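I opened my notebook for a walk through this fold. I wanted to see what sits inside and what packs on what.

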Amino acid sequence: MKSFRRLCILVITVFLLLMVVLNLFLVGAKDSSEGIYRVEAKRLADEIVKTGNYDLEKYPHITGVFNSDDGELYISDEHYLIIEAGGMMYRVEYMIGNGHHSIAAINCVFGALFLLMTGFLYYIWRTIIVPFGRLNDVPQELARGNLSVPIPEEKSRFFGKFTWGVNLLRESIEDSRKKEITMQREKKLLLLSLSHDIKTPLSAIKLGAKALARGLYKDEEKRRAAAESINIRADEIECLVSEITKAASEDFMSFEVTQGEAFLSAVIAKIDARYTPQLAISGTEFAIQKYDDCILSCDPDRLAECLQNLIENAMKYGDGRRIEISFDKMDGCELITVSNTGCTLEAKELPQIFESFHRGNNADKVQGNGLGLFICKRLMGLMHGEIFADIRDKCFYITLVVKMA
């Protein structure tokens, strides 16, 4: 805000200085122009002396010339001066320029511009700078985890949608945190319960094993029964361990899809606008093949998210030469394929690339968490679509299958 105030003061100061300089220039120009009639009167006198006559058209500031024969030489309602030429006296009437009126008109225009400029600066201050200043601390508070930070409502068309979006973001973060806490609590209770349940069969196994080790069972039938009991308890532990493994491998992310309809061109235009400038800077050829526009049955935001994940992967794991988006139609579905050159992934790893936290053998030097394709798989499933990958001629192809409406 202080910077904007300084900028306003600077702009107003420069504007006022320009007004002062222009007024000084106009006053000087007016004085010089209003003295021209004297020069023209002198030239007129010289012409009369030389030729005995004069041509009034040569003197634009002189409106009339009268000599002493006309009578009442010094009586006139116009501006005039008396000159002597060839032994006679002449009354030379002249026109004075409207310099004062011009300066006043220009100053009126400048005054109107000044009011317009100050009004515009005040409008920017009230509708943009002040609302933005009220939101300055919100991102920092959200980053610190303070989800109860108040977000002021703004009705202006500049920040109304922005504050609404920030508020939605805060609510989404808060909701995600609550879900995560609930999930962690449930998993912790489950693990504690399973851990407790493991202790009972484990104790039985230990007692049976000690009895067998010490030879307490002399009868062969009792030793066999003890061994079978240990086996049964081991099976119980195995079942409990399977439940723990299942609980640990359950979905740790929640996905929400709003199924609707969207034009393919709208989704592709969003991708084109985001990645064409970025890839041009890095020198990567980015090609979007021609396609027939159609209406897709999907969540357009989630579909765009899937395409973004695929292109980000192509940028990270490709050789940076070429990334391409191609299209095809099959059985009432639109096939959108993202391909990149320089694939180093082994074909045997294709079945695992859609698993959570899985990273291929080509990801050693690339940062990531192995969730991009897992997220795409889940989102496409929720949109009743599919995703599959292939490797051909050292190029990686991954295709989204989207149903058409």
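**Entry 1: strand E8.** Which residues point one way from E8, and which the other way? I looked at a predicted model, so my notes are about that model. Cys333, Leu335, Thr337, Ser339 and Thr341 point one way, while Glu334, Ile336, Val338 and Asn340 point the other way. I had this general rule in mind: in a regular strand, side chains alternate between the two faces of the sheet. On both sides of E8, all of these residues are buried.

**Entry 2: the partners of E8.** I then looked up what pairs with E8. E7 pairs with E8 in the antiparallel sense, over eight bridges. One pair I noted is Lys329, whose bridge partner in E8 is Glu334. E7 and E8 form a hairpin, with two residues between the strands. In that turn I found Asp331 with a positive phi of about 50°. E10 also runs antiparallel to E8, and nine bridges join them. Here I picked out Thr341, whose bridge partner in E10 is Cys395.

**Entry 3: the largest core.** How many residues does the largest nonpolar core have? I read off 43, and the residues with the most contacts inside it are Leu303, Ile398 and Leu400. The elements giving two or more residues to this core include helix H7 (264-282), helix H8 (300-317), strand E7 (322-330), strand E8 (333-341), helix H9 (372-382) and strand E10 (395-403). H8 gives the largest share, seven residues. Leaving out residues up to four places away in sequence, Ile398 touches Leu310, Ile336, Thr337, Val338, Phe354, Leu373, Ile387, Phe388 and Ala389. A general reminder I jotted beside this: in soluble globular proteins, nonpolar side chains tend to be buried together.

**Entry 4: helix H9.** I checked which residues of H9 are buried, and found Leu373, Phe374, Ile375, Cys376, Leu379 and Met380. Their cover includes H8, E9 and E10. After H9 comes His384, which has a positive phi near 60°.

**Entry 5: H7 against H8.** At what angle do H7 and H8 pack? I noted about 25°, with the axes 9 Å apart. Angles under 35 degrees count as roughly parallel, so that is how H7 lies relative to H8. H7 passes H8 in a right-handed crossing. On the H7 side, the contact residues include Val267, Ile271, Arg274 and Tyr275. On the H8 side, they include Leu303, Ala304, Leu307 and Ile311.

**Entry 6: the three-stranded sheet.** I moved on to an open sheet of three strands, which has the order E1-E3-E2 and antiparallel pairing. Strand E1 (62-67) and strand E2 (80-85) stand at the edges with a single partner strand each, so one side of each has no neighbour in the sheet. Ignoring direction, neighbouring strands are turned by 25° against each other on average. E1 and strand E3 (residues 88-94) are joined by five bridges, and Asn67 has Tyr90 of E3 as its bridge partner. Helix H2 (residues 36-51) packs on this sheet and touches E1, E2 and E3. The direction of H2 makes about 30° with that of E2.

Technical notes
Residues are numbered from 1 along each chain as its sequence is written. This is a predicted model: local features need pLDDT of at least 70, side-chain atom pairs count only at pLDDT 80 or more; totals for chains, interfaces and linings use all residues. Side-chain values use heavy atoms; hydrogens and water are left out. A nonpolar core is a set of buried Ala, Val, Leu, Ile, Met, Phe, Trp, Tyr and Cys residues joined through side-chain atoms within 4.5 Å. Buried means under 20% relative accessible area, exposed over 50%, partly exposed in between (1.4 Å probe, protein chains only). Helices (H or I, at least four residues) and strands (E, at least two) are DSSP runs, numbered from the N terminus. Contact means heavy atoms within 4.5 Å. Two strands pair if DSSP finds at least two bridges between them. Axes are lines fitted to C-alpha atoms, for helices over the stretch in contact, and angles run from 0 to 180 degrees between N-to-C directions. Angles under 35 degrees count as roughly parallel, over 145 as roughly antiparallel, 65 to 115 as roughly perpendicular and the rest as oblique. A crossing is left-handed if the near helix is turned anticlockwise from the far one by less than a right angle, and right-handed if clockwise.
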